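Please brief me on the structure below. Keep it short, and group the points by topic.

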Amino acid sequence: MKKVLVVDDNHEILNVIEIILQGEGYDVICVDTGKDLKEKVIDSQPNLILLDIMLGAYNGLVLCKELKSDPKTLMVPIVMISASHNVDDTNCNAEGFIAKPFEIDNLIRKVAGLVN
């Protein structure tokens, strides 16, 4: 089963994404902080990361750059998600961007396109 790591500090969004992706047959791991994210990625070995840009004390763009600069995590595709940014603001070598609020079909297509 393909594994998706979802990182967002909004628990409602985490729950919605988890329900949607589990319904599509993905194993979903939800994390509500950027703390120790690299270790969590290495430990869980996801096929894709959905990473919010604004994570309270953490900046998702900085976390994305850190993951993309580490040989242990650079091959994991990352899709940035945000309500307050647009795709032009996400220059961190991510494979995609989803604006909040997102359309369910768009989320499913984006995940399937990068995982399958």
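The briefing covers the fold, the salt bridges and some backbone details.

This is a predicted model, in which local features need pLDDT of at least 70, side-chain atom pairs count only at pLDDT 80 or more, and totals for chains, interfaces and linings use all residues. Residues are numbered from 1 along each chain as its sequence is written, and side-chain values use heavy atoms, with hydrogens and water left out. The chain has four helices and seven strands. Five salt bridges are present in the structure.

**Fold and overall dimensions**

- Along the sequence, the elements run β-α-β-α-β-β-β-α-β-β-α. Helices (H or I, at least four residues) and strands (E, at least two) are DSSP runs, numbered from the N terminus.
- The radius of gyration of the chain is 13 Å, which agrees with the value near 13 Å for a compact globule of 116 residues. This radius is taken over C-alpha atoms, and the globule rule is 2.2 Å times the number of residues to the power 0.38.
- A box of roughly 30 × 30 × 25 Å, taken along the principal axes, holds the C-alpha atoms.
- Of the contacts in the chain with a separation of 6 or more, 62% are between residues 24 or more positions apart. A contact means heavy atoms within 4.5 Å.

**Surface and charge**

- Buried residues make up 44% of the 116 residues. Buried means under 20% relative accessible area, exposed means over 50%, and partly exposed lies in between (1.4 Å probe, protein chains only).
- The chain exposes about 6100 Å², and carbon and sulfur atoms supply 49% of that area. Areas come from the Shrake-Rupley method with a 1.4 Å probe; for residues, only the protein chains shown count as cover.
- The chain carries 11 positive and 18 negative charges, and their mean positions are 6 Å apart. Lys and Arg count as positive and Asp and Glu as negative, while His and the chain ends are not counted. Each charge is placed at NZ of Lys, CZ of Arg, CG of Asp or CD of Glu.

- Aspartate 8 pairs with lysine 100 in a salt bridge, with the closest N and O atoms 2.8 Å apart. Aspartate 8 sits in the loop between strand 1 (3-7) and helix 1 (11-23), and lysine 100 in the loop between strand 7 (96-99) and helix 4 (104-115), so the pair ties together parts 92 residues apart in sequence.
- A salt bridge here is a side-chain nitrogen of Lys or Arg within 4 Å of a carboxyl oxygen of Asp or Glu.
- Aspartate 52 also forms a salt bridge with lysine 100, at 3.3 Å from N to O. This pair links distant parts of the chain, 48 residues apart, with aspartate 52 in strand 3 (residues 48-52).
- Shared partners join Asp8, Asp52 and Lys100 into one network.
- Aspartate 8 is buried at 0% relative accessible area. Aspartate 52 is buried at 4%. Lysine 100 is buried at 15%.

**The lysine 38 pair**

- Lysine 38 and aspartate 70 meet through their side chains in a salt bridge of 3.2 Å, N to O. Lysine 38 lies in helix 2 (residues 37-44) and aspartate 70 in the loop between helix 3 (60-69) and strand 6 (78-82), so the pair ties together parts 32 residues apart in sequence.
- Lysine 38 is partly exposed, at 26% relative accessible area. Aspartate 70 is buried, at 14%.

**Backbone details**

- Most residues other than glycine have a negative phi, and most peptide bonds are trans.
- The peptide bond from lysine 100 to proline 101 is cis, with omega near -5°. Proline 101 lies in the loop between strand 7 and helix 4.
- Aspartate 36 is not a glycine, yet has a positive phi of about 55°. Aspartate 36 falls in the loop between strand 2 (27-31) and helix 2. Aspartate 36 is partly exposed at 44% relative accessibility.
- Glutamine 45 has a positive phi near 50°. Glutamine 45 is in the loop between helix 2 and strand 3, and is exposed at 60% relative accessible area.

**Asparagine 59**

- Asparagine 59 belongs to strand 5 (residues 58-59). Asparagine 59 is partly exposed, with a relative accessible area of 38%.
- The C-alpha atoms of asparagine 59 and glutamate 12 are separated by 19 Å, and the two residues are 47 residues apart along the chain.
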